Amino acid sequence: MRVALVLQEVWTGLRRNLSMAVAVVLVTFISLTFVGAAVLLQMQITQMKGFWYDRAQVAVYFCNDIDQTETCSQAAATPEQIQAVEDALAGPAVAQYVDGVEFEDRDAAYARFMEQFGGTTTAEFATADTMNEALWVSPVTPADADVVAEATAGLPGVLEVRDQRALLEPIFSVLNTASLAAVGIAVLMLVAAVLLIATTIRLSAFSRRRELGIMRLVGASNRFIQTPFILEGVVAALVGSLLAAGAIVALVQGVLQGYVAQTLRTVAVVSLDDALLVAPGLVAFGVLFAGLAAAVAIRRYLKV
Amino acid sequence: MIRFDAVSKTYPRSARAALTDVSLEVAKGEFVFLVGASGSGKSTLIRMVLREEQPSKGEIHVLGQRLRSIPSRKVPYFRRNLGVVFQDFRLLRSKTVYENVAFTLQVLGKSRGFISEAVPDVLKVVGLAGKSSRLPHELSGGEQQRVAIARAVVNKPPILLADEPTGNLDPATSAGIMALLARINESGTTVVMATHDSSIVDAMQKRVVELDAGRVMRDELVGSYTTTSPVPVVDEPTSLGAAR
């Protein structure tokens with residue numbers, strides 16, 4: 001009986017303040033979509049890091065005849081120097097961080113270079129002689145790359161040690177910034193949602209002050225009076241967060257899986273499973289958040 | 001049932017006290033008129049019984065409970081023991097007569113079966129048996145007040161408070177309402193009614209408490225609206241001065 005009565009009150013309240021309810025729905029919808037997007041972006045970053053860092057190697061380039069840097073001074077690295085670097089990597093302190101070492105001679109480097117840049121202007125000036133011999137070192141974990149770099153840099157005949165992770169950093173920092181921006185927008189929208197819910201409750205309490213007075217008169221408990229107001233906010237937020245959850249799933253399924261994954265086959269994008277994991281979280285967050293906002297607003301505007 | 005011990009009340013933004021040193025006791029089953037001019041403190045007294053206001057000084061006991069010691073979240077449960085009727089009826093305009101009366105019981109969480117028995121019963125008592133599906137604006141003022149009384153007593157409260165219940169009604173209708181209140185009183189409910197309708201008070205021959213500027217001027221067991229005995233029955237506060 002009382003549940004039916006409370007639900008009836010909620011329904012009347014939502015209908016009476018329809019425009020405000022719609023505003024709450026839209027604002028929670030947009031804010032939670034941004035929250036979801038930020039979470040998915042972070043997931044994407046983690047996934048890409050996992051994918052690329054596993055493949056990232058440390059390249060130890062050796063001097064050739066034309067290099068004019070201080071360490072080389074136009075003298076190609078001797079086989080002994082190369083051997084010394086290999087020994088250093090196989091040494092007891094470093095070996096535990098090294099998964100594999102592969103030597104690449106000038107012809108192999110040239111072939112790989114032509115594969116990457118063939119047809120461009122740079123490629124016209126490249127010959128096998130201009131390439132550097134290199135050791136491609138695979139660290140055991142991405143973090144071990146630093147140890148490898150430290151152990152080899154500065155050894156005689158070494159031109160440069162390049163950690164491939166460094167090349168990926170800009171991509172991740174762009175993605176990271178994007179997700180921070182999404183979080184920022186989400187926070188602003190959530191503030192708007194809280195204020196909207198508070199205003200809705202204020203209006204709702206005002207338009208229902210007659211009923212509220214009578215309820216108090218006949219001895220309705222505070223909880224009984226307050227619950228419809230809280231539920232009103234929660235129901236509106238629930239609709240908004242369901243829309244947001246739907247939008248996130250649709251975004252991942254339609255745009256990421258349907259377009260990006262098909263176009264950029266080498267990039268692993270977040271899957272539908274990830275989106276389905278985020279969606280219920282968004283709904284729970286939205287409902288909890290609205291409930292809290294409503295409870296606080298009621299304490300302020302609904303003196304019982 | 002209701003006891004005021006030297007109660008004073010001053011509203012925050014008012015220099016004059018609404019009630020000054022009021023002591024009063026209402027026994028079970030009594031019918032008490034509170035009379036006095038507007039602003040004499042009748043409504044304040046009723047609001048204090050409802051614990052809508054707290055006294056600035058003194059203690060109030062209602063139904064054996066010290067009102068000051070009831071925490072505000074328990075106040076709704078306390079109020080379920082009191083029926084209240086006002087001059088302006090305070091009915092829900094969008095609900096029918098039946099729904100208005102049933103609302104009280106719904107709020108208190110009574111079962112559907114109980115409500116469907118209790119509401120027609122009480123509507124019969126107040127003489128509105130055939131009008132349960134009407135909306136308030138389709139009823140006369142007297143009928144609306146009967147709905148309000150039905151709502152106030154449907155829960156069978158031991159005390160019924162009425163603040164100017166006949167204030168908006170013509171004399172004939174008022175007499176009907178008073179007959180109803182008297183009947184409710186006869187069934188054992190204590191009734192406290194604030195009014196400045198002298199003909200009603202004179203006709204009923206019940207206890208009369210007169211307030212003037214927040215003080216009890218007169219308390220007669222069988223009184224009329226205007227003073228009948230030359231000497232007031234209440235203790236004069238001047239005795240304090242004599243003791244000094």
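Author: Start with chain A, where buried residues make up 33% of the 304 residues. A residue is buried if 20 or more other C-beta atoms lie within 10 Å of its own, exposed if 12 or fewer, and partly exposed in between, with C-beta atoms placed from the backbone. This is a predicted model: local features need pLDDT of at least 70, side-chain atom pairs count only at pLDDT 80 or more, and totals for chains, interfaces and linings use all residues. Residues are numbered from 1 along each chain as its sequence is written, while chains are lettered from A and ligands numbered from 1 in the order in which they are written.

Chain A has 10 helices and four strands. Both kinds of element are DSSP runs numbered from the N terminus: helices are H or I with at least four residues, strands are E with at least two. Along the sequence, chain A reads α-α-β-α-β-α-α-β-α-β-α-α-α-α. Among contacts in chain A with a separation of 6 or more, 83% join residues 24 or more positions apart. Two residues are in contact if their C-beta atoms, placed from the backbone, lie within 7 Å.

Now the meeting of the chains. Here 14 residues of chain A are in contact with 15 residues of chain B. On the chain A side, helix H1 (2-16), helix H8 (209-217) and helix H9 (222-263) each give two or more residues. H8(A) gives the largest share, five residues. By type, this side of chain A divides into eight nonpolar, four polar and two charged residues. Nonpolar covers Ala, Val, Leu, Ile, Met, Phe, Trp, Tyr, Cys and Pro; charged covers Asp, Glu, Lys and Arg; the others, Gly among them, are polar.

Chain B has eight helices and 10 strands. Of its 244 residues, 42% count as buried. In chain B, 65% of the contacts with a separation of 6 or more are between residues 24 or more positions apart.

Six strands of chain B form an open sheet, in the order E6-E7-E8-E3-E9-E10, with mixed pairing. Strands pair if DSSP finds at least two bridges between them. E6 and strand E10 (215-220) of chain B stand at the edges with a single partner strand each, so one side of each has no neighbour in the sheet. Neighbouring strands are turned by 15° against each other on average, direction ignored.

The part to study is strand E7 (residues 159-163) of chain B. How many of its five residues are buried? Five of the five are, so to speak of E7(B) is to speak of a mostly covered strand by the definition of buried. Both faces are covered. B:Ile159, B:Leu161 and B:Asp163 lie on one side, B:Leu160 and B:Ala162 on the other.

E7(B) has strands on both flanks. Five bridges join strand E6 (residues 82-86) of chain B to E7(B), and the two run parallel. B:Val84 stands opposite B:Leu161 in E7(B). B:Phe86 has B:Asp163 as its bridge partner. Five bridges also join E7(B) to strand E8 (residues 190-194) of chain B, again parallel. There, the bridge partner of B:Asp163 is B:Ala194. Between E7(B) and E8(B) the chain passes through helix H6 (residues 171-186) of chain B, in a right-handed β-α-β crossover. Right-handed means that, with the strands pointing away from the viewer, the path from the first strand over the helix to the second runs clockwise.

A helix covers this region too. Helix H5 (residues 141-153) of chain B lies across E6 and E7 of chain B and runs at about 165° to E6(B). Axes are lines fitted to C-alpha atoms, for helices over the stretch in contact, and angles run from 0 to 180 degrees between N-to-C directions.

Elsewhere in the sheet, B:Val209 sits in strand E9 (residues 207-212) of chain B. B:Val209 counts as buried because it has 24 C-beta neighbours inside 10 Å. Its contacts, leaving aside neighbours within four places in sequence, are B:Leu24, B:Val32, B:Phe33, B:Leu34, B:Val216 and B:Asp219.

The loop between E9 and E10 of chain B holds B:Ala213. Its phi is near 50°, a positive value in a residue other than glycine. B:Ala213 is partly exposed, with 15 other C-beta atoms within 10 Å.
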